[in-house]
Amino acid sequence: MNKPVMNKQRLRALARMTFGNAASLVYLGVVLATAVFVAVDTVFVPHEDASFAGVWLFLLAAPTVFVFFVGSTLWGADAAGPAWFVYLALVVSVLVQALALGWFLQLVRRGGRSRSAHAQGL
C-alpha cells in the first residue's frame, strides 16, 4: 500500500477509537456538559468570591492535563502558562483520554489477544 492510504487508515482507526465507542462518547458528553456548566456559571452567575466550578474540568482531564502543565513549567512558562495554552491543554487532554478509553475498550473486547494475519483453528 502507498503511504497516504495507510495514513488515512490510521487516522480513521484513531478517530474510531476516540469517537466511535460508547465509553468515549459518554466521557466526552460528561466533559461537554461540565464545560457548559462552567461557562454558564462563569458568565451568568454572580459570585462574591471566586467560583471553583472550573476545577471540575481539570478533574475530568486529569492526569494528562497536569503533564502539560509540568511540561510548560519546565519550558519556563508561569504556572500553567497563558490562557490559550490552558484551553489547548484541556482539549488535547480530554481527546487523549477518550482515545485511551477507546483503546482500553478494544483491548478488553479482544480479550488480550493480538491481531493475527493467519486463519485460526481450521
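This is a predicted model: local features need pLDDT of at least 70, side-chain atom pairs count only at pLDDT 80 or more; totals for chains, interfaces and linings use all residues.
Me: How should I read the accessibility of V40: is V40 buried, partly exposed or exposed?

Reply: The general idea is that a residue is called buried under 20% relative accessible area and exposed over 50%, with partly exposed in between. V40 has a relative accessibility of 39%, and therefore V40 counts as partly exposed.

Me: What share of the residues counts as buried?

Reply: Of the 122 residues of the protein, 22% count as buried. The accessible surface comes to about 9,300 Å², and 71% of that surface belongs to carbon and sulfur atoms.

Me: What should I expect of nonpolar side chains in general, and which residues touch the most other members of the largest nonpolar core here?

Reply: In soluble globular proteins, nonpolar side chains tend to be buried together. In this model the largest nonpolar core has 15 residues, and those that touch the most other members are Y27, V65, F69 and V94. At least two residues of this core come from each of α2, α3 (55-61), α4 (64-74) and α5 (83-110), and α5 gives the most, with six residues.

Me: Which residues does V65 contact, if its neighbours within four places in sequence are left aside?

Reply: V65 is in contact with F58, A89, L90 and S93. S93 is found in helix α5 and has 0% relative accessibility, which means that S93 counts as buried. S93 in turn touches A61, T64, V65 and F68, again without counting residues up to four places away in sequence.

Me: How far apart are S93 and T64 in sequence and in space?

Reply: S93 and T64 are 29 residues apart in sequence, while their C-alpha atoms are 5.4 Å apart in space. For the protein as a whole, among contacts between residues at least 6 apart in sequence, 61% join residues at least 24 apart. A further pair to look at is L105 and M17, which are 88 residues apart in sequence and 8.7 Å apart in space, C-alpha to C-alpha. L105 has its place in helix α5 and counts as partly exposed because its relative accessibility is 22%.

Me: Where does the side chain of S24 reach?

Reply: S24 is found in helix α2, and with a relative accessible area of 0% it is buried. The side chain of S24 reaches the backbone oxygen of A98 at 2.7 Å. Leaving out residues up to four places away in sequence, S24 touches M17, T18, A98, L101 and G102.

Me: In which helix does T18 lie, and is T18 buried or exposed?

Reply: T18 lies in helix α1, residues 3-19, and it counts as buried because its relative accessibility is 8%. Apart from its neighbours within four places in sequence, T18 is in contact with S24, L28, L95, A98 and L99.

Me: What form do most peptide bonds take in general, and what form does the bond from A62 to P63 take?

Reply: Most peptide bonds are trans. The bond from A62 to P63, however, is cis, with omega near 5°, and P63 has its place in the loop between α3 and α4.

Methods. Residues are numbered from 1 along each chain as its sequence is written. Side-chain values use heavy atoms; hydrogens and water are left out. Buried means under 20% relative accessible area, exposed over 50%, partly exposed in between (1.4 Å probe, protein chains only). A nonpolar core is a set of buried Ala, Val, Leu, Ile, Met, Phe, Trp, Tyr and Cys residues joined through side-chain atoms within 4.5 Å. Helices (H or I, at least four residues) and strands (E, at least two) are DSSP runs, numbered from the N terminus. Contact means heavy atoms within 4.5 Å. A polar contact is a pair of N or O atoms within 3.5 Å; within protein, one must be able to donate a hydrogen and the other to accept it, and residues adjacent in sequence count only if both atoms are side-chain atoms. Accessible areas come from the Shrake-Rupley method with a 1.4 Å probe; for residues, only the protein chains shown count as cover.
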